[in-house]
Amino acid sequence: MELKLKKPLAFFDLETTGINISADRIVEISILKVLPNAEEQVYTKRINPLMPIPAESSMFHGIYDEDIIDAPTFQGISQEVADFIGDADLAGYNSNKFDIPMLMEEFLRSGVDFSLENRVFVDVQNIFHQMEQRTLKAAYKFYCNESLENAHSAEADVRATYEVLKSQLTKYEGAVYEDKHGKQSVPVVNDVPALSEFTNMTRPVDFAGRIVYNDEGVEVINFGKHKGRPVTEVFDVEPSYYAWMQNGDFPLYTKKCLENIWNSHRQAKRAAKSSEPIHAPEDKKQAKKEFQKQENKSEKREITNDMLAGLKNKFG
């Protein structure tokens, strides 16, 4: 079944030096952009991460230091990547938890303003895990009845992901899904926004999952001592928590989302404060009398020898 698209959908896959979004870097990127008229455009590039590739990572994806020694850095191609994606929606395999956060980190390090607003995100792995629970290789075998050659090659993986999604649409057409609350629906439909809603199960704010939306659509902390608590509430009771996260080992995109919430919250508080009613003149006079009364009390208080002796004993 071919995709029904109203705007381009960019399938992409990353090979990296590791899985730490904050510390690791991209060594290969491949993007398959599918246009509404079914035309396909492919962009694949190896990248010099400017750091050694750990042996275990090289054994996984087959890319070694000598393979990328003459490759461009991500900063050198960052604008090119952003331009190729354009205004397309994003899709991938485990992309919501890893590929999108990793890509955003690299864009932010490079100073490229790549916005995620007005895009939807389809994570093919989440469809698969909820309906069958397998790996990409098994998914390709299960849905496409073919063996995946060159697994963990970025272009092979991204094309397999595209083929799996098309086969999923055919297999699950009209299939009923029951969630953990017993609610039934037919979620796998040939509509990208609907697939995005089905595959974004945790509703993350920052994709790394440190901040998520709760059932009421409020941003809440999703880890540590404040887990489940609204972010703005945490700002009010523990303002230093914002500084702690901004200075901590959190992804840059998480920090950017946190900063946006912080700024919006401060603006809302300032607006609320400016709309407070102005006290009447009588109230001001009464407040002035109370202040003068307290001042008079403090002036009448005498310093005694006992007080001086106590201070001398305490401070020498």
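Start by selecting Glu 28 and Arg 46: Glu 28 stands opposite Arg 46, which belongs to strand β3. Keep in mind that you are looking at a predicted model.

**The sheet**

Now colour residues 40-46, which make up β3, together with β2; these two strands pair in the antiparallel sense over 7 bridges. They form a hairpin, with 5 residues between the strands. Click on Ala 38 in the turn, where phi is positive, at about 80 degrees.

In what order do its strands lie? The order is β3-β2-β1-β4-β5, in an open sheet of 5 strands with mixed pairing. At the edges you find β3 and β5 (121-123), each of which pairs on one side only. From one strand to the next, the twist averages 20 degrees.

For a parallel pair, select β1 and residues 89-92, which form β4: they are joined over 3 bridges. Here Phe 11 has Ala 91 in β4 as its bridge partner. As background, the strands of a sheet pair through backbone hydrogen bonds, either parallel or antiparallel.

**Helices across the sheet**

Then show helix α7, residues 192-199, which lies across β1, β4 and β5 at about 60 degrees to β5.

**The nonpolar cores**

Show the side chains of Ile 29, Ile 31, Val 81, Ile 85, Leu 103, Phe 107 and Leu 116. These have the most contacts inside the largest nonpolar core, which has 44 residues. Among the elements that give two or more residues to this core are β1 (9-16), β2 (26-34), α2 (74-85) and α3 (95-110). Zoom in on Val 81: leaving aside residues up to four places away in sequence, Val 81 touches Ile 29, Ile 31, Tyr 43, Phe 74 and Phe 107.

A second, separate core has 31 residues, including Tyr 93, Ala 139, Tyr 140 and Leu 169. In soluble globular proteins, nonpolar side chains tend to be buried together.

**Aromatic rings**

How many aromatic pairs does a search of the whole structure find? The search finds 16. Select Tyr 143 and Tyr 172 to see one with ring centres 5.8 Å apart; the planes meet at 75 degrees, so the pair is edge-to-face. Tyr 143 sits in helix α5 (residues 136-144) and Tyr 172 in the loop between α6 and β6 (177-178), so this pair ties together parts 29 residues apart in sequence.

Are these two residues buried or exposed? Tyr 143 is buried, with a relative accessible area of 11%, and Tyr 172 counts as buried at 5%.

Now move to Tyr 242 and Trp 262, a stacked pair at 4.2 Å centre to centre, with 10 degrees between the planes. Tyr 242 lies in helix α9 and Trp 262 in helix α10, so this pair ties together parts 20 residues apart in sequence. Both Tyr 242 and Trp 262 are buried.

**Last stop: cysteines**

Finish with Cys 144 and Cys 257. Cys 144 counts as buried at 16% relative accessibility, and Cys 257 counts as buried at 7%. A disulfide needs two cysteine sulfur atoms within 2.5 Å, and by this rule the count comes to 0 disulfides.

Note on methods:
Residues numbered from 1 in each chain as written. Predicted model: local features only at pLDDT ≥ 70, side-chain atom pairs only at ≥ 80, totals over all residues. Heavy atoms only, no water. Buried < 20%, exposed > 50% of the residue type's maximum accessible area, 1.4 Å probe, protein only. Core = buried A, V, L, I, M, F, W, Y, C linked by side-chain atoms within 4.5 Å. Helix = DSSP H or I, 4+ residues; strand = E, 2+ residues; numbered from the N terminus. Contact = heavy atoms within 4.5 Å. Pairing = 2+ DSSP bridges. Axes fitted to C-alpha atoms, helices over the stretch in contact; angles between N-to-C directions. Phe/Tyr/Trp six-rings, centres within 6.5 Å; stacked < 30°, edge-to-face > 60°.
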